[in-house]
Amino acid sequence: MTDLAVLEREIMRSVSRKVHDRLREAAAAEVGPEAFGDPEAIADAMVAALPLGHVFDELSGPFYDTSGLARWLGMSRQALHQKSARHAILACPLADGGVVYPVWQFLDSGAPIPSLGAVLTTLAEGTDDAWMMALWMRAPSAQLDGDRPSDWLRKGGDAERVIAMARGVASSWRA
């Protein structure tokens with residue numbers, strides 16, 4: 001059995017239990033099924049929280065697509081575009097005109113990892129290539145004791161250290 005098959009079984013078991021508990025609570029409160037909406041829409045919202053596979057997964061993925069991330073975060077596609085334009089989050093362009101969003105940049109709550117915006121803004125001073133930024137954020141660094149910048153920030157490491165590194169690499173990208 002593959003790891004994904006095991007994961008699927010675990011997810012289905014957990015979702016089934018949680019949905020059952022929630023519906024039991026609703027029944028006790030005399031809430032009718034119409035309060036929950038369309039079952040397909042509920043399933044779509046649940047599945048949207050799962051990242052998609054992509055050819056760059058091994059280097060910088062996995063990734064969310066725009067509709068999945070918008071649904072998970074409860075915001076419009078336009079709001080996501082604005083966040084990426086401000087360098088608050090990273091959107092990597094695809095050949096078909098779409099974009100994908102690396103999963104590593106988000107906490108479980110959906111918020112970006114600490115100081116991501118400051119690091120991306122600094123990197124953007126050297127390039128507008130989001131893929132270069134994504135790869136840099138995922139490359140282990142001796143300056144961070146072998147950690148990747150994204151992991152260092154996620155763990156609450158000194159953001160100024162990563163920003164200083166980003167400033168240096170952005171300068172070299174401009175040269």
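Which residue just after H4 takes a positive phi? Gly74 does, with a phi of about 70°. Helix H4 itself covers residues 66-73, and Thr66, Gly68, Leu69 and Ala70 within this helix are buried; buried means under 20% relative accessible area, exposed over 50%, and partly exposed in between (1.4 Å probe, protein chains only). Helices (H or I, at least four residues) and strands (E, at least two) are DSSP runs, numbered from the N terminus.

The model is predicted: local features need pLDDT of at least 70, side-chain atom pairs count only at pLDDT 80 or more, and totals for chains, interfaces and linings use all residues. Residues are numbered from 1 along each chain as its sequence is written, and side-chain values use heavy atoms, with hydrogens and water left out.

The aromatic contacts come next. Four aromatic pairs are present in the structure; rings of Phe, Tyr and Trp (its six-membered ring) pair if their centres lie within 6.5 Å, and planes under 30 degrees apart count as stacked, over 60 as edge-to-face and the rest as tilted. Tyr64 and Phe106 form an edge-to-face pair, because their ring centres lie 6.1 Å apart and their planes stand at 65°. Tyr64 belongs to strand S1 (residues 63-65) and Phe106 to the loop between strand S3 (99-102) and helix H6 (116-124), so this pair ties together parts that are 42 residues apart in sequence. Tyr64 counts as buried at 6% relative accessibility, and Phe106 counts as buried at 5%. Through ring pairs, Tyr64 and Phe106 join Trp72 in a cluster.

The charged contacts include four salt bridges, each defined as a side-chain nitrogen of Lys or Arg within 4 Å of a carboxyl oxygen of Asp or Glu. In one of them, Arg24 meets Asp21 at 3.4 Å, N to O. Both residues lie in helix H1, three residues apart, about one turn of the helix. An α-helix has 3.6 residues a turn, so residues three or four places apart point the same way. Asp21 is partly exposed, at 26% relative accessibility.

A further salt bridge joins Asp151 and Arg138 at 3.2 Å, N to O. Asp151 is in helix H8 (residues 149-154) and Arg138 in helix H7 (residues 130-138), so the pair ties together parts that are 13 residues apart in sequence. Asp151 is partly exposed at 22% relative accessibility, whereas Arg138 is buried at 15%. Arg148 joins Arg138 and Asp151 in a network of salt bridges. Lys155 and Asp147 also form a salt bridge, at 2.9 Å, N to O; here Lys155 is exposed at 61% relative accessibility, while Asp147 is buried at 17%.

Two patches mark the surface. Patches consist of residues with over 30% relative accessible area and no salt bridge; like charges are joined within 9 Å, and nonpolar side chains (Val, Leu, Ile, Met, Phe, Trp, Tyr) within 5 Å. Arg9, Arg13, Arg17 and Lys18 form a positive patch, where Lys and Arg count as positive and Asp and Glu as negative, with His and the chain ends not counted. Arg9 sits in helix H1 (residues 3-28) and is partly exposed at 41% relative accessibility.

The nonpolar patch comprises Val19, Leu23, Val31, Phe36, Ile42, Met46 and Val47, with about 530 Å² of accessible area together, computed by the Shrake-Rupley method with a 1.4 Å probe. H1 and helix H2 (39-48) each supply at least two of its residues, and the largest share, three residues, comes from H2. Val31 lies in the loop between H1 and H2 and is partly exposed at 37% relative accessibility.

Methods
Charge placed at Lys NZ, Arg CZ, Asp CG, Glu CD.
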